[in-house]
Amino acid sequence: MISILLPSRNRPDNIRRLWDSIVETTDDLNNIEMVVAVDTDDPQLGAYVELSKAEPIHLIIMDRTVLSVYWNECQKA
């Protein structure tokens, strides 16, 4: 299993491009997971939510904090 852990803010288009690239270059999506952590006050939060509904992307929405906490929360998921 490959886990792609991504804290992100205000960049849902980059997440979409990365996911599309993964889909285009892998033979077995069952062995890949993407976990994205975003802030509750992210101006693009709605776009992240819509993306996670359309693709198998696990979205974590959390209060803004230091970057290391985002990595840890992604890892827990």
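1. Let me start with a term: a salt bridge here is a side-chain nitrogen of Lys or Arg within 4 Å of a carboxyl oxygen of Asp or Glu. With that in hand, Arg9, Asp39, Asp41 and Arg64 are linked in a network of salt bridges, and the structure holds eight salt bridges.

2. Some ground rules before going further. This is a predicted model, in which local features need pLDDT of at least 70 and side-chain atom pairs count only at pLDDT 80 or more, while totals for chains, interfaces and linings use all residues. Residues are numbered from 1 along each chain as its sequence is written, and side-chain values use heavy atoms, with hydrogens and water left out.

3. Now the sheet. Helices (H or I, at least four residues) and strands (E, at least two) are DSSP runs, numbered from the N terminus, and two strands pair if DSSP finds at least two bridges between them. Three strands make an open sheet in the order β1-β2-β3, with parallel pairing. Because β1 and β3 (57-62) stand at the edges with a single partner strand each, one side of each is left without a neighbour in the sheet. On average, neighbouring strands of this sheet are turned by 15° against each other, direction ignored. (Axes are lines fitted to C-alpha atoms, for helices over the stretch in contact, and angles run from 0 to 180 degrees between N-to-C directions.)

4. Next, the helices on that sheet. Helix α1 packs on the sheet and touches β1, β2 and β3, where contact means heavy atoms within 4.5 Å. The direction of α1 makes about 180° with that of β2. Helix α2 lies across β2 and β3, running at about 150° to β3. Between β2 and β3, which run parallel, there are six bridges.

5. Is aspartate 39 buried or exposed? It counts as buried, at 3% relative accessibility; buried means under 20% relative accessible area, exposed over 50%, and partly exposed in between (1.4 Å probe, protein chains only). Aspartate 39 lies in strand β2 (residues 32-39) and stands opposite methionine 62 in β3. Leaving aside neighbours within four places in sequence, the contacts of aspartate 39 include Leu45, Ile61 and Tyr70.

6. Aspartate 39 also meets arginine 9, side chain to side chain, in a polar contact of 2.7 Å. (A polar contact is a pair of N or O atoms within 3.5 Å; within protein, one must be able to donate a hydrogen and the other to accept it, and residues adjacent in sequence count only if both atoms are side-chain atoms.)

7. Arginine 9 has a salt bridge with aspartate 41 too (3.1 Å, N to O). Arginine 9 sits in the loop between β1 (2-7) and α1 (12-25) and aspartate 41 in the loop between β2 and α2 (45-54), so this pair ties together parts that are 32 residues apart in sequence. Arginine 9 is partly exposed at 28% relative accessibility, and aspartate 41 is partly exposed at 42%.

8. Finally, two salt bridges within helices. Arginine 16 pairs with aspartate 20, the closest N and O atoms being 3.1 Å apart; these residues are four apart in helix α1, so about one helical turn separates them. In helix α3 (residues 67-76), glutamate 73 and lysine 76 are three residues apart and form a salt bridge. Glutamate 73 is partly exposed at 26%, whereas lysine 76 is exposed at 60%.
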